[in-house]
Amino acid sequence: MEICDKTIHEIKGMLAKKEILPSEIMKSALSRMEKTGKFASFIKTFPEEALKYAEEQDSAPLKGILSGIPVAIKDNMCIEGKETTCASHILRGFVAPYTATVVQRLLNEGAIVIGKTNMDEFAMGSSTETSFFGNTLNPWNKDMVPGGSSGGSATSVSLGEALGSLGSDTGGSIRQPASLCGLVGLKPTYGRVSRYGLVAFASSLDQIGPFAKDVEDAAILLKAISGYDAKDSTSVNAEVPDYPEEIKKGIKGLRIGVPGEYFLEGIDDEVGVCVRKAIKDLEHCGAEVKNISLPRTEYAVATYYIIATAEASSNLARYDGVHYGLREKAGNIIDLYKKTRSAGFGDEVKRRIILGTYVLSSGYYDAYYLKAQKVRTLIKEDFSKAFGEVDVIVTPTSPTTAWKIGEKTDDPLKMYLSDIYTISANLAGIPAVSLNCGFSAGLPVGLQLQAAHFNEAVLLRTAYAFEQMNDYHKKRAFSEK
Amino acid sequence: MEYEIVIGLEVHVQLNTLSKMFCGCSTKFGAEPNTQTCPVCLGLPGVLPVMNEEAIRLTVKTGLAFGCKVSNFCKFDRKNYYYPDLPKNYQISQYDKPLNVGGSVPIRIKGEKKAIKLTRIHLEEDAGKLVHNICGGSGVDLNRTGLPLMEIVSEPDIQSPDEAYAYLVSLKQGLKYLGVSDCNMEEGSLRCDANISIRPKGVLQLGTKTEIKNLNSFANVKKSLEYEAKRQEKALGGGERIIQETRLWDAVNNKTVSMRSKEEAHDYRYFPEPDLVPVVLDDEYFRKVAGEIPEMPDIRYERFIAEYKLSEYDAGVMTSDRDLADFFEETSKQGVDPKKVANWIMGDFLKEINTAKVGICDVKVKSPDLASLIKLIDEGTISGKIAKDVFAEMFVSGKKPETVIREKGLIQISDEKSIEGVIESVLKSNSKVVDDYKSGKKSAAGFMVGLIMKASKGKANPKLVNELLKKKLSGL
Ligand SMILES: [Zn+2]
């Protein structure tokens, strides 16, 4: 087994015993990157710089919980001196003059950034097909999409190019690609992780989270990036548990809820089979399984597309060709805006800006935006009520496994529905995780766990218990032989 | 037909905070373009605003001082519009839940008291500034972007340009008393837009209003409103319709000119700012802030009249500035006649300040020293004329009056023997004047007094000089 196919916690053990050097880890990841280039996980990589840092760490004492670990960062998070494009044309050439809090926290723990990963343009999409730089391929089957919008961050870990990565999740953009690529992907509670330095898509929904090969790695990464940040006023000053320790506590007596609304039409048969089996496994671990109801689930997608696009239309207004990024030639300021934005944004982004502008416009605000906010409150209430009865809610992550490249690109609505199971967690602000719970026709199936606010520990505990009974997480998508 | 004028004013006030509304950048005026900026106020991708609590406190303080209903809940909204000096292309402002609602600003006009009603006072961030160069290009200076602005919106409750002027003076005075802003119009920390309409007297319905922008002094606000009222009256009288529009004040030609013929149909698409959590303020907080509010100028004005028996005019000048009012009170409390204190302040004190262009709190003359100076005049130690010179020296050096008098040997001569000696020698060396007097030219006596005062270097007690000279002349 190559070093880059190991987990972070395995490598940590080897580093501690001096069985391996940071530069060897880095060389393994970089060599893998060369072999997997055609999957297009990255928009930009920094091999020399990363290797230099790794070599510096060879002789230095271990710096933190991620010492010498190569990580990949979604290209919507800023790193000082590096271009941040959000996979868009309009932001090309924008070099960030500051570093996002999450990235700084990884660096403080000794992690080494090896590249910026591909994504859907401005994180809008469910398949990493809207990237201006071309799409990323699914590590398990090159004809398939890796999911989105953090498809590049998912594939980089799945392929062993990075040992861990960060993605952002606005409506499922971490969990869904984790599911389609067979990884652990975690969306923390809104406010648990600072958003400072994350290029905003929909401010009230966006949250940064890790991709990892297994639950323990996810726990390590979450611990590294969590915590209050004075630069983000929505960040919450709550104690950060020692997740890698918490996960091992077992789930005896834990109450697990299965919402009937998540197992209706649209769900792929084999996905349903895998998820039901997973629920049985959890029951075998000592959890108590209960049927619950989340009655407003059917309104989640509509509510999401109103709130997310409204916020996006405002957040994306700053890309106008005046201060940075692309600028088209024009004779006056209005034409400058029009030409730059017409040329700089892709179709999906334009579609959402127009939709968002519409739902906020006077005369429609009450009918759409305000109503969506009210429904959002009701969806939150659904969850609060459910978490009075159970500790964890189990559902599929995605109704299907990965689909063929190009299959849904002409049908936005169909694409939007692929996030149907993940969207509610963003509306409610609760934490949720996806982990591999089996395969269907060689493609991974994702299991989603959701918990009450700031209860990431119980999610990871549950996921860890499931992992202990199975070995899906030990399968690797890419083999060098 | 007789018309009446309806005016509403929107005043933007830059708050006296050290840092900007949502970042740590300096608020200092006059720096090189774009040197007081950071990723946050530049609105770079990925940045987030963090609220300046001091700006909230100053706005609450203003609201409490003007009798507004201050909200327990402070929420911000995004106002979306495109402009090159607005880096995010939205402005963080307050829409449906302004921090302060209602309230009023007291004014006095022709001896009458009136309260101009306020609609709201809310908080927002300032935009930057476009710098157009002669070659046709434009630059953007974002130093001003993100400065905390308080917008004070009056009801259409102002009935004349004079009232508008009085309102602005009173508002500025109040804001300066509160210490929430330096209200410097040249530096843009106080800006005003005026809305004006006219209607036939007795009619309730409001006429079509125009908005006047680009007003850079209170005098121009008044002049532009006078012009605009006449313009509208003439138009209506001539059977024309007033169109709702924005007009600019052309201070060179003293007239308003149309800026946009039609009000652009703006849809600001306001919605709650998702990057800021609402701030909840409790009664304890309000109590604390209320405790920091000083006695406001109109109350002080009335008290000065009642307590110090000042005239309305004097009380007006004494309360025009909080530091000045403090200085007046401190001086008056030291056992000197308040009227005399007021006279000194309105005379030499303000004259020296205006010449030296210094702030009242930077003046070197301390109130006990002015009180001493007045006492020295009362006691006859120095003459009022000498006192003026003494004061000038005190103003420059900050020395006590006694010190100045001692150093310059300025004590008044009230000793009859010495004065008689001076008179003697003056009369001796000016025999022609004495002869004139003797030949019946009575005015020669006045001339003699002048000569005697001069000979004593102004130190002779003038009253005694007059008495003793009179005695001397009658004996001739
Ligand atoms: Zn700044």
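**The A–B interface**

I start with one ion pair: Arg195(A) and Asp275(B) make a salt bridge, with 3.1 Å between the closest N and O atoms. The rule finds 1 salt bridge across the interface of chain A and chain B. Please keep in mind that this is a predicted model.

Polar contacts come next. Between the two chains, 18 residue pairs are in polar contact, counting pairs with both residues at pLDDT 80 or more.

Which helices of chain A each supply at least two residues to the side that touches chain B? They are α10 (300-315), α11 (333-344) and α12 (347-360). Of the elements on that side, α10(A) gives the most, with 5 residues. By residue class, the side of chain A that touches chain B splits into 20 nonpolar, 12 polar and 7 charged.

Now the extent. Chain A puts 39 residues into the contact, and chain B puts in 30. Together the chains bury about 2700 Å², with 57% of that on carbon and sulfur atoms. On the chain A side, 23% of the area buried against chain B comes from Ser233(A), Arg318(A) and His323(A), more than from any other three residues.

Last, the sheet in chain B. This is an open sheet of 3 strands, ordered β5-β4-β16, and the pairing is antiparallel. At the edges are β5 (90-93) and β16 (271-272), each pairing on one side only. Strand β4(B), residues 77-80, is joined to β16(B) by 2 bridges. Within that pairing, Arg78(B) has Phe271(B) of β16(B) as its bridge partner.

That is what I have. Comments are welcome.

Notes
Residues are numbered from 1 along each chain as its sequence is written. Chains are lettered from A and ligands numbered from 1 in the order in which they are written. This is a predicted model: local features need pLDDT of at least 70, side-chain atom pairs count only at pLDDT 80 or more; totals for chains, interfaces and linings use all residues. Side-chain values use heavy atoms; hydrogens and water are left out. Contact means heavy atoms within 4.5 Å. Buried area is the accessible area (1.4 Å probe) that two parts lose on being put together, summed over both. A salt bridge is a side-chain nitrogen of Lys or Arg within 4 Å of a carboxyl oxygen of Asp or Glu. A polar contact is a pair of N or O atoms within 3.5 Å; within protein, one must be able to donate a hydrogen and the other to accept it, and residues adjacent in sequence count only if both atoms are side-chain atoms. Helices (H or I, at least four residues) and strands (E, at least two) are DSSP runs, numbered from the N terminus. Ala, Val, Leu, Ile, Met, Phe, Trp, Tyr, Cys and Pro count as nonpolar, Asp, Glu, Lys and Arg as charged, and the others, Gly among them, as polar. Two strands pair if DSSP finds at least two bridges between them.
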